[in-house]
Amino acid sequence: MKAKTIHGWSKLKENPSNAFRLSFEKELSFLKSNINAKEVVLDIGFGNGENLLFLKNLAKEVYGIDNDEESEELIKRKNLSGINIFLEDAEKMHFKDEFFNKVICLGSTFGNFGKSQKKVLLEIFRILKNRGEFLFSVYRFEALNQRLKM
């Protein structure tokens with residue numbers, strides 16, 4: 001499932017409403033209190049890489065996937081050493097079974113998967129370690145359509 005949302009997301013982050021700003025802050029606070037330095041973490045739909053940078057200071061290892069080539073190029077320009085990024089779909093990831101302690105999917109990315117949500121969830125549970133956690137946020141399931149209009 002290809003989605004070009006990086007530009008709409010960037011516009012929203014540049015000038016967020018108070019509600020969005022508060023939501024972003026709460027997400028980061030939640031990550032800070034739920035991820036520790038012994039964990040291996042995957043960010044699905046890393047977008048502009050802000051969460052990857054934040055996670056780098058919290059986790060043992062950080063990985064990110066996105067299916068938007070523009071996101072991958074943006075991240076390469078930021079030169080995020082020590083962060084492993086891949087251009088691939090969340091429906092079929094290349095990672096070994098039970099590899100991650102935590103998988104995150106923030107910014108309503110999970111809501112963008114539409115009919116693929118079940119496939120994505122099965123894949124997430126495959127790559128999560130026993131007792132691993134999936135941390136996600138969904139503002140609304142129509143968020144993708146609204147971002148694509150921006």
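E39 counts as buried, at 10% relative accessibility. In this predicted model, E39 forms a salt bridge with K102. The whole structure holds four salt bridges, and the points below cover some of them along with the overall fold.

**Overall fold**
- The protein has six helices and five strands.
- Starting at the N terminus, the order of elements is α-α-β-α-β-α-β-β-α-β-α.
- The protein has 150 residues, and 45% of them count as buried.
- Of the contacts between residues at least 6 apart in sequence, 67% join residues at least 24 apart.
- The accessible surface is about 8600 Å², and carbon and sulfur atoms account for 51% of that area.

**Salt bridges of K102**
- Side chains of opposite charge can pair when their charged atoms come close.
- In the bridge between K102 and E39, the closest N and O atoms are 2.9 Å apart.
- This pair connects distant parts of the chain, with K102 in strand 4 (residues 100-105) and E39 in the loop between helix 2 (18-34) and strand 1 (40-44), 63 residues apart.
- K102 also forms a salt bridge with E133, at 3.4 Å from N to O.
- E133 lies in strand 5 (residues 128-136), 31 residues from K102.
- K102 is buried because its relative accessible area is 5%, under the 20% cut-off.
- E133 is partly exposed, with a relative accessible area of 35%.

- E123 and R126 form a salt bridge, with their closest N and O atoms 2.7 Å apart.
- Both residues lie in helix 5 (residues 117-127), three residues apart, which is about one turn of the helix.
- E123 is buried at 10% relative accessible area, whereas R126 is partly exposed at 25%.

How values were computed:
Residues numbered from 1 in each chain as written. Predicted model: local features only at pLDDT ≥ 70, side-chain atom pairs only at ≥ 80, totals over all residues. Heavy atoms only, no water. Helix = DSSP H or I, 4+ residues; strand = E, 2+ residues; numbered from the N terminus. Buried < 20%, exposed > 50% of the residue type's maximum accessible area, 1.4 Å probe, protein only. Contact = heavy atoms within 4.5 Å. Areas by Shrake-Rupley, 256 points an atom, 1.4 Å probe, with all protein chains shown as cover. Salt bridge = Lys/Arg side-chain N within 4 Å of Asp/Glu carboxyl O.
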